[in-house]
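User: Hi! I am new to protein structures and would like to learn how to read one. Could you walk me through this example?

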Amino acid sequence: MLARLDIVKQRFDEVSDLIIQPNIIADQKRYVQLTKEYKELKQLMDKRQEYITVTGNITEAEEIIKENIDPEMTEMARLQLEEAKERLPQLEEEIKFLLIPKDPEDSKNAVMEIRAGTGGDEASIFAGDLYRMYSKYCQDKGWSVSVMDMNEGTSGGFKEIILEVNGEDVYGTLKFEAGVHRVQRVPQTETQGRVHTSAATVMVLPEAEEFDVELNMEDVKIIRTTSTGPGGQSVNTTYSAIQLQHIPTGIEVRCQDEKSQHKNLDKALKVLRSRLYEMELAKKMEADSARRKSMVSSGDRSAKIRTYNYPQGRVTDHRIGLTLYDLGNIMNGDIQRLIDELQLAENTEKLKEGDIF
């Protein structure tokens, strides 16, 4: 293991030298990439130092016990040996997880789309609940959330809402939320107190930069329309809403959140690029047998991934069989434990499929 960590240290030393070079600092894009890599490698270097310390303690303790010159020193060495041997396997597991190659998409910002599924008005209300849950979670993480487009439900919530989320490692965190979310509860419209099941679909796309997707604007039909839904005097009077049709794929995107037509066009193009980029990623994942085996990040939009049961106050993630009786806090944005468990499951799967050592 130390030999592998020594190779990583060479790269760490190289990056440490690069980030103080004036020409690198002047190139902001390169500088940001390197400082992010430095931060990731620093975690491994801290574990490497601990690994050296722990293995050194084991060797030192074994020598003292073997010599057995001083009974008190020997007893202290036995305690040190026991403590170090207990820590070593835990430390090795931590290092293995840190050595798993990072998905380059994980560091990207994300476009999140929440759509009401089966269940009529109740499904729209549930989509609104999911929007609030994710908004609060993102706020707690220090990420910014911007609404790109929305279509409100007739009794509250949303038939569809599209968000742009910016921050650190956004896609790598939120990608586990993609799929069908199911809710079991008594709807507001239910007069006899019967529990209904409704659903909403969540899509999470890595936000594509312009250099990620070669978008030929000749393939894009731009339709300028008036905004719809509640709003000020400009609604239904000014042609600020933008609808894009990507002719080769048939993808359609609409954005009306901004009053400015230019801003709506920029946002709509971001969503279109992200959807096109996701199509390419889906092809890549399909071709990658290891990724296809992973139930956690399969990206199958038709897969039921989670159930929110209000009568029992529980949330169940079906991919990993995890049930938490903490529905109130979870709907209030406290979803970190669910994400942590999903990340752990995916990393464990990668360890099984890959050869880290």
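This is a predicted model: local features need pLDDT of at least 70, side-chain atom pairs count only at pLDDT 80 or more; totals for chains, interfaces and linings use all residues.

User: Where is D169, and what is its phi?

Analyst: Most residues other than glycine have a negative phi. D169, however, has a positive phi near 55°, and its place is in the loop between β3 and α6 (170-174). Helices (H or I, at least four residues) and strands (E, at least two) are DSSP runs, numbered from the N terminus. N68 also has a positive phi, about 50°, although it is not a glycine. N68 sits in the loop between α3 and α4 (71-99) and is partly exposed, with a relative accessible area of 47%.

User: How many helices and strands are there in the chain?

Analyst: The chain has ten helices and eleven strands. Of its 357 residues, 40% count as buried.

User: In what order do the strands of the sheet come?

Analyst: Strands of a sheet pair through backbone hydrogen bonds, either parallel or antiparallel. Here, two strands pair if DSSP finds at least two bridges between them. This open sheet has eight strands in the order β2-β3-β1-β5-β4-β9-β10-β11, with mixed pairing. The edge strands, β2 (144-152) and β11 (322-324), each pair on one side only. β2 pairs with β3 (residues 158-166) in the antiparallel sense over eight bridges, and N151 stands opposite E160 in β3.

User: At what angle do helices α1 and α3 pack?

Analyst: Axes are lines fitted to C-alpha atoms, for helices over the stretch in contact, and angles run from 0 to 180 degrees between N-to-C directions. Contact means heavy atoms within 4.5 Å. α1 (residues 2-18) and α3 (residues 28-67) pack at about 140°, with their axes 9 Å apart. Residues that meet there include L5, F12 and V15 in α1, and L34, L41 and M45 in α3.

Definitions and conventions. Residues are numbered from 1 along each chain as its sequence is written. Side-chain values use heavy atoms; hydrogens and water are left out. Buried means under 20% relative accessible area, exposed over 50%, partly exposed in between (1.4 Å probe, protein chains only).
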